[in-house]
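Colleague: I am new to this structure. Please walk me through how to read its features.

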Amino acid sequence: MSCALLLLLMSWALAMRTGAAVEIQRPRGVPLSSEQFYEENKPFTCLDGFSTISFDRVNDDYCDCRDGSDEPGTAACPNGSFHCTNAGFRPAFIPSSRINDGICDCCDTTDEYNSGATCQNTCREMGRKERESLQIMAEITKEGFMLKQQLIHEAKRGQEDKQGKLTELQGSKKDLEEKVEALRTVKETAEDPEKEAKERHLKAWGEQKELIRMEKDKTRMAEAFLELDDDADGYVSVAELQSHLELDPDSDGSLTETETQVRCLPSQENNFYHTSKLQGCSPFGEIRRFESKIGDLHDSCRSNEKVWAGGLWMTTGCMNLEKEIGFDFGPSAEFAYLYSQCYELSTSEYIYRLCPFNRVSQKPKFGGSETNLGLWGQWAGPEDSLYSVMKYDHGQGCWQGPNRSTTVKLTCGKETVVTSTSEPSRCEYLMEFTTPAVCQEPASLDEVLQGHTEL
Amino acid sequence: MMGPLLVLWLAVCLSGTWAVDRGNFKTCDQSAFCKRQRALKPGQSPYRALLETLELTNTKLTLQLINDNNKVRLLLELYRLQGNMTRVKINELKPLKPRFEVPDVLINDPPTEPLSLLSQDENGVVLSLGADSQRLIVSAKPFRLDIMEGREVLLSLNSRGLLAFEHLRIRKDTKVDPEGTENKEENEAANEPAEGEEKAKEDEKVEDGMWEETFKSHTDSKPNGPSSISLDFSLPGVENVYGIPEHADSLKLKTTDGGDPYRLFNLDVFQYEVFNPMALYGAIPVMLSHSAQRTMGIFWLNAAETWVDISSNTAGKTVFGQMLDYVQGSSETPQTDVRWISESGIIDVFIMLGPTPTDVFSQYASLTGTQAFPPLSALAYHQCRWNYNDQEDVAAVDQGFDDHDIPYDFIWLDIEHTDGKRYFTWDPHKFPQPKDMLQGLLDKRRKMVTIVDPHIKVDSSYKIHNEIRSKGFYVKSKDGGDYEGWCWPGNSGYPDFTNPEMRAWWASMFAYDQYEGSMENMYTWNDMNEPSVFNGPEVTMHKDALHGNWENRDLHNLYGFYVQRATAEGLIERSGGVERPFVLARAFFAGSQRYGAVWTGDNAAEWDHLKISIPMCLSLGLVGVSFCGADVGGFFKSPSTELLVRWYQTGAYQPFFRAHAHLDTPRREPWLFGPENTALIREAVRQRYALLPYWYQLFYHAHHSGQPVMRPLWVEYPQDTATFSMDDQFLLGRDLLVHPVTEEGARGLTAYLPGKGEVWFDVHTFQKHNGAQNLYIPVTISSIPVFQRGGSIIPRKARVRRSSSCMEHDPYTLFVALSPKRFAQGELYIDDGHTFNFDKHKQFIHRRLFFANNALSSRNLAPGSQFTTFSWIEKIVILGASKPSKATLKTPDGKESLLEFDFDASMSVLTLRKPGVNAGVDWTVVLQ
């Protein structure tokens, strides 16, 4: 209080606006922390130590110090800064150029002492509002943080479950693979040995080519998987495949269930783990390459539909589980609950849909097809809060522009909701998303409030 | 989101590659009249002056010309105009119907001076042009005009015999009347004077394209048939010609032999290329010729499609050249020949005889007026983008400038701010509270520009459309219905801005109660005013569209001029005539300078486009339009960070300083490229703001006397031939020389500092350099090479704030750069920065600052004026000074006070501390 009073006293003698320089004899604009450097009636040494001037040159509206420290209360120095005490709110530094520019910057009005601007002291009101909102935020943070603990707990359990399931699936799968192998042997022995020799030759040549192409196709395949995965549940169902007529091998305009199965099976020759890395079956690259080979097996496949169907389910099942376990769900897997979920926001024109760790899309409200605004890329927050921003990229391409991409900003909230979307730049979307998973352990409310006021 | 319509248009109608689709625009060969005219080669003119018809009055000489081939007569009018100009007008003596004469471009009927007849014989007449023994010689057979000074020919007309005037005629429709001769008698009767009985046949040839012309899928009906005109000008002793904007080409015009002529036809050219003579958005048919001896100008007042051929005698001697050799006894005199070809109208040409560049600028200004004096804030920095998406976006960008401490004055809204491209409206979702937004800007003493294009959505629920339709204000198609074409809103009508009633109505739409959501800090941008018609021939209006009785053909290049005029008048009216308007337009014509600013249209984020911004704005400045700029950063494509920084540095020293970007490009507000680049851009913008007092003073002069703000070096050093083709550096006024870095990865550049015996001071380091030298300057990414001329005084405001309005009352720092003779002078101009009170009520301060005999003084240059400023003199920096023993300030009240000072001996810089005297009073500082 005494400091505010002092400042008040110091600023009583304001020069009126005149055609001549404004003379201010007191160190206006000096923060408490630097007060000791401005000792009245003693020579003033610029804070950078570069030069020393008589004290009447401090705040005399002419810049003498290189670092601007002789004019803390006027706009004379291009690199100076002005300190507002803002009693009742937060103290602040503003650039000197905002002193007497006719615009109220300090809530205590001290920056406009000679401009004719009529400023109201709004510090108390602002302080009250800020305390209120801080209080609300603190409550949210508190509750959010509790929810987060729960999420962490659940995630831990879920993770264990899934690992177990995966092991189990991998076991069953191995059984199935053995069965398939047995069937194949039956089939192969029934076939002409000459043909077999020819095939082997073709295969060796083919594989070499595929190896190169496979790398290139990887990204595309991932996209294709997600494209096929219409309901974004992480699984490609037969029904989903059937909706994609471009996959119809016999071009009869419909995809039979059998056809979809054939297309989605990893080939026997192909290493299972390799395909699983591809995160799904691709209609465009991978699958087509095995088409002819699998075609040879078509008959035996057909006779063993049930085995194959089981294989399909299990393969994709394995793949998805592996994929899920492989995600970075945060330091304590607190974001795991978002996996396989989707959150929507309706605007006047579009419905936006965020499926965390999967994709972002946009669909016109009144008809029209969905647009892919980006596929899960990575966590993209700044170093100290990596998990505050998600980046989705490689969305649908823009005309003469980049592929669409979306940045998702996460803020602490009790609910998990998409709160806003925008397109700050063409095809670069921004989404605001609240979730308890980013809530930090709350400091005590008193601490928070104390940190923001200086009375 | 990009409107689906736009996607459609861009994808379907326009090229998808990064280059102009030349096929969309005509070459001379594809423009029937240009092809016809260009097929005529230099030779004996068929025109003969009928000296017996000569009439000489106080104001003019008239004389009939006859074409000996077809006996059609023309009427020649010659005027001697005040200020050393000659006007030559040629029309048909008895045209079938009136031919278009350009209205509204000349600010008045140019005052004349009497011509006196010096001698006359059967070969011609000699008239006195008054000053400097200048004579105008009219030769009868063949007809030609020569303007001479002493024994020197300054300029000749029709000396190459290319005067060609296609008279109006009645169509002999071969389809209807295969004989084709029946109507002949009456046709000719209409055209010919009584004695012209004999008919020549050449004229009767009907060539393709005379009565109908098809380009791509568009057919031009040409109901009036052929009507083109052409005239040649020879300029002995001239090797350099300039002007005739707008072209993305070098400052010094090139010869057009073997290529297309320079074309003047206002067009919306998608992704234009640099260094070619293709037409662009605006047209100013004014050419300047320059030699070490003399500067002259040719103003071809015609608003139809125009082509300009330029050749020089290095390619081969003309008839006139041979004559000249005889007269001057030399075969080495350089000569430039120019030929103007226009599709319709009359020949109305103003020959501005100079002799100095300054004289030519004054002469042209006396005809078409001077640069509008913009509000001071319009000279500051403008932040634009297609588009700032909504109110929140605007607020965030505004805050971004404050957060990064970068000043700006104007934020702009492109077409997406409207409700479905209905101009004068707001998108109800994105901009629900425009006044709140504008008030928010006003609270920070900033401003906004919204776009208002001249195409109006045809939509019966749109008030603007309904009113224009019901008042019959739309341009009509050849069939008489409202002309409609496609533009941003889809199907659109085009108001007939040539109609004064339409313009008055349009202006009234800017009233605060008409343009809902507008406020006094909102100004206007007229884009697409060529006009752009996406589905029209060459992306513009059909030539047979009708503006009242006239075809678009006759006045095409005037449309954009009228749009900007009506808009500027609207902004003036809404303030009751108090406030100066600010209107930016893309299309323009001679005289457009009176209404606002122009920019170089849709350029691209390429180094060549940065480079070409200099000659493009220099060319415009030479012909009256000083308020010129290019989109900083480039409109199409995305600039590299280096290019963006260099463009800010260049734009900060060009008159109109606005960043702009295409909808499809990533955001590029100055702080998006890391702290280092933000700092570089901040510094460039701050340099602009500090220099605003000088910019404002230059614009005051441009407004007052027509002198360009941004000048080629030769304007100030007319005898220095080294400067004649320089267009990578320029002068601001006469005292600042700027050579921006426009090369990628530059480590250094060579600037030419002109003036033998002069000195120049680097404005950043105060290093002194001698004139008349090529100076190598090492550069870094922060370098903007700028030099102040020794002998000049430049006022700055060192306290850069967040907008120019915030700096209004701030003190001045005077930079006094001494000449080798220890002399310097400059000016200080101050007014309220935004009203017409400087003009109406003489409320301004205009002072002369001069340094001589070791004393610096401020004296009133405008004793009749009156204005009070709060600004004072903060600091005086004297470059090239020696150390005084003391410095005394003397004020009018007789008081004397000692000033403290600091002297930097290494740079010879004397800094006087805080004179503190008001900027509006007399004072003297004496150094001892």
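**Reading chain B**

Modeller: Start with the layout: the centres of domain 1 and domain 2 of chain B, taken over C-alpha atoms, are 48 Å apart. This is a predicted model, where local features need pLDDT of at least 70 and side-chain atom pairs count only at pLDDT 80 or more, while totals for chains, interfaces and linings use all residues. Residues are numbered from 1 along each chain as its sequence is written, chains are lettered from A and ligands numbered from 1 in the order in which they are written, and side-chain values use heavy atoms, without hydrogens and water.

Colleague: Into which domains is chain B divided?

Modeller: Domain bounds come from an automatic or database domain assignment. Here domain 1 is 40-165 and domain 2 is 725-927.

Colleague: What does UniProt list for residues 706-794 of chain B?

Modeller: UniProt positions follow the numbering used here, feature names are shortened, and annotations may be inferred rather than shown by experiment. The unreviewed entry gives "domain: Glycosyl hydrolase family 31 C-terminal" for residues 706-794 of chain B. That span is 4% helix and 38% strand, and its end C-alpha atoms lie 20 Å apart.

Colleague: How many residues does helix 6 of chain B have, and what should they span?

Modeller: Helices (H or I, at least four residues) and strands (E, at least two) are DSSP runs, numbered from the N terminus. The expected span is 1.5 Å times one less than the number of residues. Helix 6 (residues 391-403) of chain B has 13 residues and should span 18 Å; its end C-alpha atoms are 18 Å apart, which agrees. After helix 6 of chain B comes B:Asp405, with a positive phi near 55°.

Colleague: Which residues of helix 6 of chain B are buried?

Modeller: Buried means under 20% relative accessible area, exposed over 50%, partly exposed in between (1.4 Å probe, protein chains only). Among the buried residues of helix 6 of chain B are B:Val394, B:Val397 and B:Phe401. Their cover, by contact (heavy atoms within 4.5 Å), includes strand 22 (381-383) and helix 7 (434-443) of chain B.

Colleague: In what order do the six strands of the open sheet in chain B run?

Modeller: Two strands pair if DSSP finds at least two bridges between them. The order is 35-36-37-42-39-40, with antiparallel pairing. Strand 35 (710-711) and strand 40 (768-770) of chain B each have a single partner strand, so one side of each lacks a neighbour in the sheet. Strands 39 and 42 of chain B pair over three bridges. B:Phe761 stands opposite B:Gln788 in strand 42 of chain B.
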